[in-house]
Structures are given as C-alpha cells and as structure tokens.
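Please study the sequence and the structure shown below before reading on.

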Amino acid sequence: MRPLLLLLPFLSACGTPGAAPTDDTPAKEVNVYSHRHYDTDAQLFKAFTAATGIRVNLVMADDDEVLTRMEQEGANSPCDLLITSDAGRLGQARMRGLLQPIRSAELERNIPPFLRDPDGHWFGLTMRARVFVYNKNKVRPEQLTDYNDLVRPEWKGRVLVRSAENLYNQSLLAAMVAHFGTETALAWATGITVNMARTPKGSDTDQLLAVAEGIGDVAIANSYYVGKLMSSSEPEKAKARENLAVAFPHMGPYGTHVNVSGAGVAKSAKHLAEAIALLEFLVGEEAQRLFAEGNKEYPVRPGVAVADVLQRFGELTPDTLDLAQLGLNNATAVKLFDKAGWR
Amino acid sequence: MVVVVTAPFHAPAPEWSHVYRDVLPMHLLETILLLGGTVLLTVVIGVLSAWLVAAYSFPLRGAMRWMLVLPLALPTYISAYTYASLFGATGTISLWVHDLSGFRPDIVGLPGLIVVMALVLFPYVYLPARAVFASGLREQLEAARMLGARGSRRFLRVAVPLARPAIVGGAVLVAMETLNDYGAVKYYGIRTLTTAVFRSWTGLSDLGSALRVAILLLLLVVLLLWWERRSRIHRQQATDAVPMVRQRLTGKRAALATIWCLLVLVSGFLLPAGKLLLDAFTIDRTDTWAIDLIALRNTLGIATGAAFLTLLIALFLVFILRHERKSWTHGLVRAATLGYAVPGAVIAVGVMTAAGTIDRQAGLSFTLIGTIGLLLYAFTVRFLAVAVQPLQGSLTRQHSNVDDAARMLGASPGRIFLRVNLPQLRPAILAAAMLVAIDVVKELPLTLILRPFNFNTLSTRVFEMARIEQLREAAAPALLIVLCVLPPLLFLDRQLARSEG
C-alpha cells in the first residue's frame, strides 16, 4: 500500500470535480448516484434543472458497487440521492445506514404505500413487472394465468428464461419465498429448470426474439424490455413482435410480481432540500409520463397512463407484497437457484 | 491488492458453505474448460499465423503481418456481443442460415465463447512468437534444414520448442484476460470463478465469500505464473538476432497461407468491426455523438494519466528487481503484478476500502473516492503487470557487467539505474506505456465504479447502452474505442517489426 501513501498529496490536489466538498458553497446542485442508465433519465434531469435551476451531478454504476462506495465514503460521501432499480438494494441501503428518513406529503400522496418504505427511507419511482411473453400461434392465454402454470409437464422444452444471475429472476423467486416458503419456491425453480427450452443465456430481449423464432413458446421477461421490443423500429424486432403477446401471471392469490426502481436520500446528503425537490419532481406528472412513454415502465403515480404498447395486452394487477421482503429473501433465492440447477 | 488478499481472513463469510458446496464445483469446472480451450486455441492460431508470416513469403504477407494484431483493438465483451448478434440463435446470420437450410447456428455457449475469445486474444501469442521466429532462430533452422527436415517438421520440432518461453508468456496474458472477463461470460451463460465472485457478492450479499473466491482466482494465476517461469528455466534462449530468410511459397500452398491469414483476420477483426461500423451509421442517433466526443476526450485523458503513473511505479519496481537481490522483494514485486487477473470490480472494492480507511484515519473533510487520482491509482494496481513485463524483459537482456563497472567507479544503484539502465530501456518504456494505455481505453468496471460525477468514458458509454439491451446504440462508442486503440497498437507492431529486421 506504500505507493498509495506517496500519492496522497497528488490525489488531494485533484479534488472532486462537480461535487461541492463543503456545505457552505451556495451553489444549487444535487449529487446523484444512480443505477439507471436510460435516456429518459438524462432528459428528466435536464428538465429538472430547467425548472428549478438546480444542477444534477451524476455517477452511474451498478447497485452493489454504489452501495460499497457510499459505505466507504462514509460521512464524507458527496452523494445526496441514491437511485437504484431494485427494492431489495434500497432495503439493504437502509439496513446499512446509508439512507435517511424523509417526510413529504407530496411523495406520500402520490406513491401507493406498498411501493415505498413505511418510514420514508426510500420511495418507488416506477414499477417493472415480471411477465410471460408467448407465441400467439402456439399458446392460448388461458394456459398462462399463474407463474406455477409453467412447471406443468405440458411445458417441457418450451420455456425460455435468462440466467439466475439476473436480478429480476432473483427477486421473482424471493417473492415466492416470502409468500409460500422455501420448499414451494424450490419446487417452482426446479420445475422451470426441467421445462427450459435451452440452457439460460443472453438478455431478456434475446428470450423474446427466441419465442418469436419458435425456439421456445413462452418467455419470462421484464415488462419494460417487452414494451421496448414492441415499439422498436429495428426491422428484426418489428418482425418478431408479430407473433408475440403478453400475459400477466398471478402468484397464487396475489398479483403479478413487480419490483421497483426507486430512490432514497443519502444519510450524508449535503443538499437535502435539493434532493427532496428532485425526488418530488420524479414522481410529478410530467416525469411519470416520461417514465411510462419513454422507457415503458409502469408509473407509480395513480392516474398516469401506462404506455399503449403494454396497455393493450391488459391491466397489470401488481402483487402488493412488502417490497423490503425482496431484499430479505434474495440470498435464499440465489441458493435455491443453485440447488435447482438453474444456472 | 493487500486488502483483497487479507480481507477473507477477517471478513465474515456467512454463505461460504453454500458457495463451497453448490457454487464452486461447477464454476471451477467451467472456468478450467474455458481457460484450457481458449489458451489452446489462441496458441494454435497465434503460433501458426506467426510461423507463416515469419518463415514464408506469400501474397498479401506484408499486409497480413501487421493486420493480424488488429483484433487486440476490440474489447472482448464487445466482440462477444457482436458475435452473438450475428451468430446467436436469433442473430442476423443465424436467421438467414435457418431460412435457407433449416439449421440454426448458435454461437452462444461455451465452445462458441472459446472461439470468440481466442479470435480476439490470439495476438498476445502471435506477437511474441512472430518476434522470436523472425529474428532468433536462423542458425537452428538452417541446421535443421541441412539435416533434411521438412517445413512442418522444422516448425514443430525446432521453432515451436525454441519459442516456447515467448509463447507461454503470451498464453499467460491470454489466460489472465480470460479469467477476469465478466461481461462476455455472463452473456454467454458460462459459470466461471468471476461470475461466482459476483454471485456471492451481489446475489448472496456476502462479500466475504466473494473475496474468498477471488483468492482462489489468484491462486490459479499464481499457478499459471509458476508454469510460465518453469518454461523459461532450462530452456535455451534463442539469441542470435539474425533475420530469418523467408522461403517463397507458390501455387496451392501460397493460396492456403493467404486464405488462413485472411480467415483469421476477417473473423477476428473485420467481421465484428464491420458490424459495428454498419450499426453506428444506420441507427437513429440524435445528439449522442456530442456526448461520445466528450467521452473520447476523457478516455484519452485517463489513458495518458494512467500510463504515466503506472510507468513510474513499474520503473521503481524493476529498479528494485535489478539492484536488490533479496528474494522476498522479488516475491513482493511479483505479488504486486497479480492485479491483472483479478476482476476489475474486486480491485475497485479493494481500492475503495483502502481509500475509505485513509479518509477516516486522516480525518479528511472530503473523500478520495471519486477523484481522478484514485481512479488512476486503481488502473495502476490492475495494469502494473502489463508495464512490468516488457520493462523486465528488456532489462534482463542488459548485461550486468556494465552495472558492475559503474558500481566499481563509485556510482550508487540509483545513479546506475538512471544513467546506465534507463536510457537503454527507452523503447521498452514506450511499449509498456502504449500497452497500459490500450488496456485503460478498453477497461470498464474500475472506471464505472470509481469515476467522478458527470464523467463518461467510451467504455462506460458502451456499457450503459449494452446494459439496457440497446446493443446497436453501443456501436458508435465501441467503434471509437477501436479507433483509439489502433494507433498505439500499430506503433507497437512497428516497433517489434523493426527489431525483427
């Protein structure tokens, strides 16, 4: 580690461009660590700056790395607002003491209770549902009403899904663990593994294209990838979607599994008012509409329309499970995947 | 590095029994298959191409000689994505083949990934093998010829064994690149030690187990390095720097040689790069070129800075190696270069932990994390090996007699290094700086995690698009990466070619 010490003077000379290191600087800005990489977000931040004069400084990286970074930065962390795309990670951030509780009538009014932390440590901004996408020519929608339908023997060799490495598969199984316990969840993971059309590989979009090509007949995929494929201008994707339709499976007596992309104010926030202003802006009508239209996510704010490409396949009835459960059961879910042989 | 190595001994690893029993066996097995397959195939492609180019004349040979290094300009993950978009189950070419013949090619899987990786990484073997074949073996090969050995026999029985240290050196770099890859293996659905690190860390929220797996990864690398050293000992070094006389190939054999090189070049570079070019200019892009240009500027900035810093530290290390005879210092230097095989994200955690500790101990009012300085330091940790290797190689060729003479005249080791060793090292320093710069331009995870606010590089741009499954939008920054890497790469090739005569 000696070279590091030698470098200390050099490092401190560099400073942190963009981030105000002390709180007596009056500059209106807010520092965001985000896992979201979408064009819509860039547009939204621009609109926020235009409306409020508050500059948005951004670091985009993966959730777990961002949490480690905040932890190591400690009280000196320049981060004001943490945005992730998983409720589980938000729950973890809270448990690790990285977030602070926020009271805001605006946020509480516009976000349904099951989509935010009861104490205000984090707030859901958009929902993404784990849905079925099937080949219209080979499957009737009545066959696909429950996640459990896919473990029946009639689906052997017909199910497409990506690797268990994928977060949304993990949170789907975590929800099952929360509702029904480990045994039922393991039985489901094992059943799906048996019925797979091929070993899991590629992205969600690849699973949809594979359904269109007849490599399998049904895929488990994230709703906003479905929405994007359904509205893509690329010729292969436009051709693929002719055969595809979407089903919203239930989880037993509960609704369709959803996870949220959400945000929480950092404990170390030096720009508290600005961070809250940005949060409120992101659940405002304009922002929620852009999330829905631009990125095909489900808005959390009641009354904001869902993107047409998704709406025409039916209504989403989300499972209202306490989302903190996703984080609490994530490790169990990963272990069950390993036991089931779902790579 | 210290943090990564020591952490497992004091960090709790609550899920270790699960990782050990249900994760490690399959992940270790697939790692070894991937590693073995990729190394074997890179050696075959690299050595065969190097031999053809060095020993024979055939049509297009001159162009092929330098063009065969081009695949190194493509980051592995970009090539892997591009290949999947062409030859995956629903790739463009696969769909077309399926329509014609009913057969559906699918490159996405273990064998496919081995081929894709080998096609990108083989220049690591090709370059050193070519250098040895071209200038180091003339006498031995002449002797073999006079004893009546045919071309293929001279190649297999004389040239390859004599070039073994060079080939193994290249193969070890290939192995390290294969081990630290995360993007490509994840997309191709392969379970490796690196994905096990991430599974433990992000899936099981168990950083302790993740670091233990990382240690296992390091052990594998130590094993590889030991193999490399062994291949150097007891081997006669090819030393006569007399350029080889090339034999002219004619007719069918000349055509075969040309076709082989073309095939390697097309599949390793022209095809994926062509696809990127096509995507970059057919996709609907609004104002993103402007963002890419800023990213380009940032990329060049950190590449230059990291090359500079890494070279300083690498020179210090080779100085120690040269003038300090204690064996433990040599061990320490070697340990400092292990970073190359470690997944970037693991190094990032190590560097952040170290910086966080310093922040707290020193009571700083701001954090080192997120400074350009720390990012550059992290690059140094990761790419030190890349700089140390050529420097050390060049230094060991300098005779120690000169050092001894200088010492007898009363010069201190520092002065000897500066006045005697350093001037002769100049070409190697330049080469090492280029190699580090190339790696930094292609690097992703460290930059992603440790960057300051509002700081994009070309590779983070590619990643942001690929992450949301918009691979075509990623083509433009990917292409810029290739363009950035080409000049230093071609410079390196020319420098080597000059030494080949």
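This is a predicted model: local features need pLDDT of at least 70, side-chain atom pairs count only at pLDDT 80 or more; totals for chains, interfaces and linings use all residues.

## Confidence of the model

Across chain B the mean pLDDT is 87, and 94% of the residues of chain B reach 70 or more. For the complex, the predictor gives a pTM of 0.88 and an ipTM of 0.86.

## Where the two chains meet

Chain B contributes 58 residues that are in contact with 58 residues of chain A. Several helices of chain B each supply at least two residues of the side that touches chain A, including helix 2 (16–55), helix 12 (193–203), helix 18 (372–397) and helix 22 (458–467). Helix 17 (344–362) also belongs to this group. The largest share of the side of chain B that touches chain A comes from helix 17 of chain B, with ten residues.

Sorted by class, the side of chain B that touches chain A has 28 nonpolar residues, 17 polar residues and 13 charged residues.

## Two helices that cross in chain B

Helix 4 (residues 76–87) of chain B and helix 14 (residues 251–282) of chain B have axes that come within 10 Å and cross at roughly 80 degrees. Helix 4 of chain B is therefore roughly perpendicular to helix 14 of chain B.

Which residues bring helix 4 of chain B and helix 14 of chain B together? From helix 4 of chain B come Ser79(B), Thr82(B), Tyr83(B) and Leu86(B), and these meet Pro272(B), Lys275(B) and Leu276(B) in helix 14 of chain B. By class, this contact between helix 4 of chain B and helix 14 of chain B has four nonpolar, two polar and one charged residues.

## The domains of chain A

The domain assignment of chain A gives domain 1, covering 28–126 + 259–306, and domain 2, covering 129–257 + 312–340. The C-alpha centres of domain 1 of chain A and domain 2 of chain A are 27 Å apart.

Contact between these domains involves 14 residues of domain 1 of chain A and 18 residues of domain 2 of chain A. On the side of domain 1 of chain A that touches domain 2 of chain A, two or more residues are given by helix 4 (87–95) and by strand 8 (258–265) of chain A. The largest share of that side, five residues, comes from helix 4 of chain A. By class, the residues of that side of domain 1 of chain A divide into five nonpolar, five polar and four charged.

Definitions and conventions:
Residues are numbered from 1 along each chain as its sequence is written. Chains are lettered from A and ligands numbered from 1 in the order in which they are written. Axes are lines fitted to C-alpha atoms, for helices over the stretch in contact, and angles run from 0 to 180 degrees between N-to-C directions. Helices (H or I, at least four residues) and strands (E, at least two) are DSSP runs, numbered from the N terminus. Angles under 35 degrees count as roughly parallel, over 145 as roughly antiparallel, 65 to 115 as roughly perpendicular and the rest as oblique. Two residues are in contact if their C-beta atoms, placed from the backbone, lie within 7 Å. Ala, Val, Leu, Ile, Met, Phe, Trp, Tyr, Cys and Pro count as nonpolar, Asp, Glu, Lys and Arg as charged, and the others, Gly among them, as polar. Domain bounds come from an automatic or database domain assignment. pLDDT is the predictor's confidence in each residue, from 0 to 100.
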